[in-house]
Amino acid sequence: MATIYYIIMVPMVYIAVAVFFIGTVVRLVKLFTQPKNPSTLQIFPEKRPKWLWALHDSFLLPTVRKHNPLLWVFLMVFHICFLLLIIGHIELFESFAVFQIVPHEIFLGKGFLGLLLCIALLFFLFRRLISPYRELSVPEDYYLLILLFLTVLFGSQMDWARTWYSYGELGVEDYREYLLSLLYLKPDIPANILFAGHSFMLVVHVFFANLFLMFFPFSQIMHSFLALPINKLRRG
Amino acid sequence: MDQNTRDELLKLFQGKLNQAMRLYLETCTRCGVCTKACHVHESMPHVKYIAAYRAEIVRRIYKKYFKAQGKLWSSVGQSKELTEMALEELYEAAYSCTGCRRCMVYCPFGIDTQMIMSIAKILLVGAHAEPEMLSMLADMSIEKGKSIDIFKEGFLTGIKNLESEVVKKWKMEAGDTAIPVDVEGADLLYVALAGAHSIIPAAAVFNAAGENWTLSFFEAVNFGAFVGDPSRTKLILERIVNEAKRLKVKEVCICECGTAYRVMKQLSGKQPFEVSSVTEVHARYIREGRIKLDKSTFQGAITYHDPCQIARNGGIMDDPRYILHHLTDDYREMAPDPRYNWCCGGGGGLVALGDETLDFRMKSSKVKAEQVQGTGAAILSTACENCHTQLDNLNEHYHLGMDVMFLTSMVADALVQN
């Protein structure tokens, strides 16, 4: 069991992060070295400044708000929670003053953000089982949602599990030690991480997160990087 | 399909893959917000008429041949081989899409379905499976550009015969030419369609405004764009660009034809002349006091159908409304607002295919008929040949009891002679 834990927590993490970074960069470089379209692709009426409206379109999803308000609520909850959790994970390496503008305890959200994410993900998943979204969806769309769901489920439950066991185990300091050791290429898993009562949750969380990271550059999740440039095309 | 044919087709596919096209092909999350955007889907709710589904037909082939995902794990994105059957699917997707780009108003990313359909169209051209009629018309236009002298005489005689009709609408000084052709140094080159209705009213308005203009030898319509063949689109476009340069005009004015206007405006590149639509020019004449219109010419409320390629995709929305406010006190806007105007259902070459597509055009534009009817107007005006034909057909099919009119004709009919 210890070997499996180790493989997931060390070599697989390195592989996943490498696939994610290299895959994403290669794909973006390939895309943005392509020739531009010879003519404008914007639609009218136009609003200026165009880049500001492109940002507005990318981050506030106004077209979804107008045409599918329920989906918009879930999409906003999902994306905002996702962003906050990315910040939360960055803080697991080190605390940054800039994130503490709104003072909070590390790790962020006490598991509630993850719970919200899970609910949003279930909504997206079940939505895809209904026509016409079922016919539009391809297996990739389901796999991604399921992968994210499992990642988030086990991730968010860890904060809850801490309250079930004892507060001392698997705290921020343990994560920091583990993550920094990975970052400095001297991988070392603190005993607390492997032997706490709910360690398996962390391992499962990391396992699914690894899979998600490896799938990322080959999937539609690339929309995270492509949404802005594509929205700029529409704004001209 | 044999390997050679497939390779040839994939080369055509590759040729369409620039940065924008790749963004359109790689970003869709299949969220389905576009479901309610397409007039075809809203009139006939089949999944195959949803914008994202149409695009996915092209996208699946793209994944198979151009993406790592399709090569490594084909089933996860349902990537698909390019086969005879795939061509049939591509045909149905491309020729049930009018290229109105209304789905771009719904998509959170702004994916351009018309652009993706242009891949389907070029693959069909490559496989000789495109609508023959459109291809033939495109070739004829190109031929005319090559051997203008053969057509010249017949054209000039035809134009001479129209002059008396122009004078009926606007009296001129004796000795002035009602329809000037081939005038070097003219300010404005007017590019019409093959048909008196596209020439006579426009000529009367130019003469009334005292414009120093000349009529183009060529018709504005670009069948190359309808059939989705960029090289032929360019050849057809260049005939007019060359003529404009030869005559040293300052402005090229495109008649009431949506595709012609958008192709000329957006694809001609930087030229020594401006490109404008006849609607813009007429609005300018009114603004500058060069023509005056009689508001009592038309009885009953008037509404206006925005041709997609001129309004949503070309940016001309205010000028036609400005003109109409000089023609009536009872202008009715279509609900809810011009951004959400339904396509007439005749674009993308469907009207040019005539009776062959009539049944589909009528069924797929039910929502347009309802939108028009909702205004309660007596006159339905528009500024595009295709839209006019289609709206005329809809008027008859759905017994709307309206008068479908060209905006240019209305302006010409309402001219006030000093």
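In the predicted model, B:Ser381 stands opposite B:Met405, a residue of strand 8 of chain B. Strand 8 runs parallel to strand 7 (residues 379-382) of chain B, and the two pair over 4 bridges. Both belong to an open sheet of 4 strands in chain B, whose order is 6-5-7-8 and whose pairing is parallel. At the edges of this sheet sit strand 6 (331-332) and strand 8 (403-406) of chain B, each of which pairs on one side only.

Stepping back from the sheet, chain B as a whole contains 20 helices and 8 strands. Its radius of gyration is 22 Å, close to the 22 Å that the globule rule gives for 418 residues, so chain B is as compact as a globular protein of that length. The C-alpha trace of chain B spans about 75 × 50 × 35 Å along its principal axes. Of the 418 residues in chain B, 55% count as buried. Contacts across the sequence are well represented too: among those in chain B between residues at least 6 apart in sequence, 77% join residues at least 24 apart.

The domain assignment divides chain B into domain 1 (3-130), domain 2 (134-287) and domain 3 (302-413). The C-alpha centres of domain 2 and domain 3 of chain B lie 23 Å apart, and the contact between these domains takes 26 residues from domain 2 and 26 residues from domain 3. On the domain 2 side, at least two residues each are supplied by helix 9 (132-146), helix 11 (196-208), helix 12 (223-227), helix 14 (258-267) and helix 15 (278-287) of chain B. Helix 15 of chain B provides the largest share of that side, 6 residues. Sorted by class, the domain 2 side has 15 nonpolar, 6 polar and 5 charged residues.

Turning to the interior, in soluble globular proteins nonpolar side chains tend to be buried together. The largest nonpolar core here has 146 residues, of which B:Tyr190, B:Val191, B:Val252 and B:Ile254 touch the most other members. Helix 8 (residues 113-126) of chain B gives the most to this core, contributing 9 residues. A separate core of 34 residues includes A:Leu117, A:Ala120, A:Val152 and A:Phe154. Returning to B:Val252, its contacts beyond neighbours within four places in sequence are with B:Leu189, B:Val191, B:Ile240, B:Ala244, B:Met264, B:Phe273 and B:Val275.

The two chains also meet, in a contact that takes 39 residues from chain A and 41 residues from chain B. On the chain A side, the elements giving two or more residues are helix 2 (11-32), helix 4 (62-67), helix 7 (133-136), helix 8 (139-164) and helix 12 (223-235) of chain A. The largest share, 8 residues, comes from helix 12 of chain A. By class, the side of chain A that touches chain B has 22 nonpolar, 11 polar and 6 charged residues.

B:Gly110 lies in the loop between helix 7 (103-106) and helix 8 of chain B. Leaving aside neighbours within four places in sequence, B:Gly110 is in contact with A:Ile230, A:Asn231, A:Leu233, A:Arg234 and B:Met104. B:Gly110 counts as buried because it has 27 C-beta neighbours inside 10 Å, where the cut-off is 20 or more. The C-alpha atoms of B:Gly110 and B:Asn418 are separated by 49 Å, and these residues are 308 apart along the chain.

Definitions and conventions:
Residues are numbered from 1 along each chain as its sequence is written. Chains are lettered from A and ligands numbered from 1 in the order in which they are written. This is a predicted model: local features need pLDDT of at least 70, side-chain atom pairs count only at pLDDT 80 or more; totals for chains, interfaces and linings use all residues. Two residues are in contact if their C-beta atoms, placed from the backbone, lie within 7 Å. Ala, Val, Leu, Ile, Met, Phe, Trp, Tyr, Cys and Pro count as nonpolar, Asp, Glu, Lys and Arg as charged, and the others, Gly among them, as polar. Domain bounds come from an automatic or database domain assignment. Two strands pair if DSSP finds at least two bridges between them. The radius of gyration is taken over C-alpha atoms; the globule rule is 2.2 Å times the number of residues to the power 0.38. A residue is buried if 20 or more other C-beta atoms lie within 10 Å of its own, exposed if 12 or fewer, and partly exposed in between; C-beta atoms are placed from the backbone. A nonpolar core is a set of buried Ala, Val, Leu, Ile, Met, Phe, Trp, Tyr and Cys residues joined through C-beta atoms within 7 Å.
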